[in-house]
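These are my notebook entries on one structure. I set down what I looked up, in the order in which I looked it up.

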Amino acid sequence: MVPLSLYMLVGALLFAIGIIGVLIRRDAIVIFMCIELMLSAVGITLVAASRYYHGMDGVVMAFMAMTVAASEAAIGLAIFVLLHRTYKGVRVDEINLLKG
Amino acid sequence: MILHWLVFLVAALFSVFSALMMITRRNPIHSALWLIGNFISVAVLYLLLHREFIAIAQVLIYAGAIMMLVVFTIMLISVEETKKVSLLRFGAGTVIGVVLTVLFLGFLLSGIIGGGVAGVPGELTPERIKEVGPFRVVGLMLMGEYLLPFELASVVLLVGIIGAVILAKKER
Amino acid sequence: MVQYVWLIPFFPALGFLINGLLSRWLNLRKGFVAWVACSALGLSFLVSLLVFFDLLGLPPEARVSISDKVLFDWIVSGDLRVTFGYKVDPLSVVMALVVTGVSFLIHVYSVGYMHDDPGFTRYFAYLNLFVFMMLNLVLANNFLLMFLGWEGVGLCSYLLIGFWFDRDPPANAGLKAFVVNRVGDFGFLIGLFLIYTLLGSLNFDEVFSKADNLTTAQATLITLMLFIGATGKSAQLPLYVWLPDAMEGPTPVSSLIHAATMVTAGVYMVARCHVLYELAPLSMAVVATVGALTAIFAASMALVQVDFKRILAYSTISQLGYMFLGVGVGAYSAGIFHLMTHAFFKALLFLAAGSVMHALSGELDIRKMGGLREKMPVTFWTFLLAALAIAGIPGFSGFFSKDEILWNAFSSPKGHWVLWLIGLITASMTAFYMFRLCFMAFFGSFRGGHELWHHAHESPRIMTVPMVVLAVLSVIGGYVGIPHVLGGHNYFHEFLEPVFGQAPKGEVSHTLAKLAWAAEGEGPIQGEAALELLLMAVSVAAALLGIFIAWNLYLKRPEVPERLKERYPNAYKVLWNKYYVDEIYGALFVKGTQRFGTMLWHEFDEAVVDRTVNLIAWLMKAMGTLLRPVQTGFVRDYLLGILIGTIIVMLFLL
């Protein structure tokens, strides 16, 4: 039996890699993909915990997260398409219209 | 037993490796492909945990639907990357961010490795699950205890659909 | 009927609410407004009458122990319990009758007088409100409710003096009245505070029964403070300056408020608090002296005035001085008696002034009048009767009341012959200036030009009927108080006796004692009667002398006043300028206060308060400017922020 902590380790690593990806990359779509990576990493932790605690709650939670991720993908990508019309390649460095 | 561990090791290592690859590729399509690989390895991990439902859902939704959307979008809006333009952004902020992330990771690891986990085990032991049926169990939970979140999730999806259509419509 | 005593103030309050609040919406017709206002007063008077007869049905001792009619608890806070309660006893009933009766007549008169004024409805609303407040004042069973009425009549006085507020003189006069009153009210309030602190209650019955616990010094302080309030409200020295200016208001207002009712509040207050004043002989001496000095001081100013209403205003101040003289020497029922008779004839005099103004399109300068008795017979005859009453001619009401005061000033244990002498001289001056006014306005030839004479006419019946009623009262009103000495029965004094208690019979004023040996052999009581008759004769003679001199100077040899003016220019100037009191007050008090206020405005309000507020606003702006760079507009910076925040939270959880 693989111990829970190993699964959670994997999840933690993937999550951290996701954050670094978000901070490092310039292209909006890649940043978006890193966010999806983060969501997936959380799913790992939840499902692993559900296994080790003999419940299905983790699965359901991960499923909900997945649903939200799907919806978010739709909207977010639609926004990127719109931005592309103005900026020709969505680069996060250059967009600061909401500057306070 | 040993097969179990082996599969786990391969899947885990591949998921971390593919994640690292994903964040370092210059070409967004390459990143997308590496991410798909990551998702599939995570699905394998789910299978190892005997959570078939979520494994299939992972492949269907993440690797299937979401990544398909992403690939389409990349096709639509990705600009030719020339070698000169750096793909990364290095500023003071980035360095701080990376440091903080490492710190964050450290926290997580200390929690995972060091601390004991608390919590009361539930009653859905693997035997019980096999008895009721793995998918049936998930179904029962979704329609029972988690009915409200289920309905709300559908509302979120509805909003997503409508929103996406409205946003991407061409201006008249 | 006594339980319904609360109806007496209720009706005018209702009239005020209807006329005051509904007039906007209903655009009421003048007839309706007049009916509401006058019938409110009529009903009030009726109830007062019924209560009065109820009271007469009781034996005298029982009349002062009727329990107060408490409407509701007004203030209950800690030990302080103040109720909205009305007291029924002879004194309050007499005051209620006078107030409601005279008010009713003046309301009817006003319907005619104010007929063409655009503020008709507003006028009657204010007038009803005034009567409501005044009734609260006289019927109250505790000091705080009385003070409510006290302030309330001050407010209504301000509203009514400044009735034509779009013009400067009435607006300023209203303000002056209110501010000067306020100064007096401050003293009154201190008196109230002292009463509560020292005696633990503000209810009349409780205070008066516990009053013996006060030391003389405490009682003196309280009563002096209360009297300061009275000098403001009743226009005595030094706070009388608002009353002549108050003549800017409509004449019925001057008649009601500044002759018959509001200004008498101070006298009522002293009479009501006689228990306290009896404990402070010094205060009573002050009251009597101030009253006497005010009487002669005001009378002197009336000698040279040429404004019809101003003469009457100074006369009011002077007569109020008499009332204070009366209560100051312990003759409380005499003071109230004069209050009543004065209400009759002074109100009438003012209504006559209004009648003359009505006929002459607002002319008030008596140098431009003359011979009006041909054109306005009713006005003339009523005026004459009132003038005879105020002069103290025997047979008229003023004679009985004034004489009782003068006799008590001489003979009461707290009296002094000097006070009597001042009163006597003032009586002579009163007769003089009243008949000067009478002769100059109604006799001789008209000096105001042909146009005015042509248009002069008698006032309509709605104005003359109330005047006739008041004239009748001015004549017969005194017969309820015929002194023993003339073989009569002083019903008035008897009625009020349970309230004021019997005067100790054994004491006799030191003046009297000195003269006792001069009595002709018969016992001191007999000698006293003879002395009283003698003094009576002297005062009548003084009055007749005054009338004679006036007749001489203004009818027989009208050139004499001019020559007197030339021979004594300085004396004339001082009197004409009212002893320059207004100017002195202006320099002493008004300028200083104004400068203080301006200084506060600049030094404190602008420099400190404004700067503080501006500083706070500037701080907000600065903080905003400081924090704005956080919003760079770059998504990744925000993500960084989230990350930092998460780390911090995790730190806390460690």
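In which helix is the place of A:I44? I located A:I44 in helix α2 (residues 28-52) of chain A; helices (H or I, at least four residues) and strands (E, at least two) are DSSP runs, numbered from the N terminus.

I noted the conventions next. Residues are numbered from 1 along each chain as its sequence is written, and chains are lettered from A and ligands numbered from 1 in the order in which they are written. This is a predicted model, in which local features need pLDDT of at least 70 and side-chain atom pairs count only at pLDDT 80 or more, while totals for chains, interfaces and linings use all residues.

Entry: A:I44 and chain A.
Is A:I44 buried or exposed? I recorded A:I44 as buried because 28 other C-beta atoms lie within 10 Å. The cut-offs are 20 or more other C-beta atoms within 10 Å of a residue's own for buried, 12 or fewer for exposed, and partly exposed in between, with C-beta atoms placed from the backbone. Leaving aside neighbours within four places in sequence, A:I44 is in contact with A:Y7, A:V10, A:G11, A:L14, B:V42 and B:L45; a contact requires that the C-beta atoms of two residues, placed from the backbone, lie within 7 Å. I also looked up A:V59, 15 residues from A:I44 along the chain, and found the two C-alpha atoms separated by 9.4 Å. Chain A has three helices and zero strands, running α-α-α from the N terminus on. Of its 100 residues, 60% count as buried. Of the contacts in chain A between residues at least 6 apart in sequence, 47% join residues at least 24 apart.

Entry: chain A against chain C.
I found nine residues of chain A in contact with ten residues of chain C. The chain A side of this pairing has six nonpolar, two polar and one charged residues. Here Ala, Val, Leu, Ile, Met, Phe, Trp, Tyr, Cys and Pro count as nonpolar, Asp, Glu, Lys and Arg as charged, and the others, Gly among them, as polar. The predictor gives the complex an ipTM of 0.91 and a pTM of 0.70.

Entry: chain C and two of its helices.
I counted 28 helices and two strands in chain C, and 50% of its 654 residues are buried. Among its contacts with a separation of 6 or more, 80% are between residues 24 or more positions apart.
Helix α8 (residues 216-233) of chain C reaches 25 Å from first C-alpha to last over 18 residues, close to the 26 Å expected at 1.5 Å a residue; the expected span is 1.5 Å times one less than the number of residues. I noted α8(C) as mostly covered, with 13 of its 18 residues buried. C:A235, which follows α8(C), has a positive phi near 55°.
How many of the 47 residues of α27(C) are buried? The number is zero, so α27(C) lies largely in the open.

Entry: confidence in chain C.
Confidence is lowest in helix α23 (residues 510-516) of chain C, at a mean of 51, and highest in helix α5 (residues 143-161) of chain C, at 93. Over residues 503-508 of chain C the pLDDT is below 50. I keep in mind that where pLDDT is low, the predicted coordinates should not be read in detail.

Key. pLDDT = per-residue confidence, 0-100.
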